[in-house]
Amino acid sequence: MKLNVKEDPAVTEVEVTVVCPRVDARVQRIMAAVEMEDLRLAGTIDGFLCILEAREVLYVETVDGRTFLYGAKKVYESTATLADIESRLAGEEFVRASRQTLVNLAHVSGIRPYLNARLELVLDNDEHIIASRQFAPLIKKRIGL
């Protein structure tokens, strides 16, 4: 892969152009990472509203009707539903792992088979997420297995 950067003080907005022989999984991952750069999610912690970069979120989970955004060190509560967050992040690095969990594939450091055709996803912070067998094939496809 070749990377070119051209600096131009007259330009007001960053423009990314990808030139490739064909759009494959690697190109799609690059495009998703670039698109996710500008996405932000809102969450509260200790009564304070925080704006998070989507790329910083490891996973999103719904527990007892409440939605939580998990960062590397902090957990934020969101007023959005899991379905709302999933639709905002459609086409990005986030993928459904179960009915109650979305995982950021950019933070998955390892995957191993788990009982009953499920997958165990190991995240950058050593947390383990179990992907249901319903969503395991989609995860495998998204990572190119």
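N104 sits in strand β7, which covers residues 101-104. Strands here are DSSP runs of E with at least two residues, helices are runs of H or I with at least four residues, and both are numbered from the N terminus. The model is predicted, so local features need pLDDT of at least 70, side-chain atom pairs count only at pLDDT 80 or more, and totals for chains, interfaces and linings use all residues. Residues are numbered from 1 along each chain as its sequence is written, and side-chain values use heavy atoms, with hydrogens and water left out.

Is N104 buried or exposed? N104 counts as buried because its relative accessibility is 0%; the word buried stands for under 20% relative accessible area, exposed for over 50%, and partly exposed for values in between, with a 1.4 Å probe and protein chains only. The side chain of N104 also reaches the backbone oxygen of V57, at 2.9 Å.

Turning to the whole protein, there are three helices and 10 strands. Read from the N terminus, the elements follow the order α-β-β-β-β-β-α-β-β-β-β-β-α. The C-alpha atoms fill a box of roughly 50 × 40 × 25 Å along the principal axes.

Of the 145 residues, 32% count as buried. Contacts (heavy atoms within 4.5 Å) can also be sorted by sequence separation: among those between residues at least 6 apart in sequence, 41% join residues at least 24 apart.

How values were computed
Polar contact = N/O pair within 3.5 Å; in protein donor to acceptor, adjacent residues only side chain to side chain.
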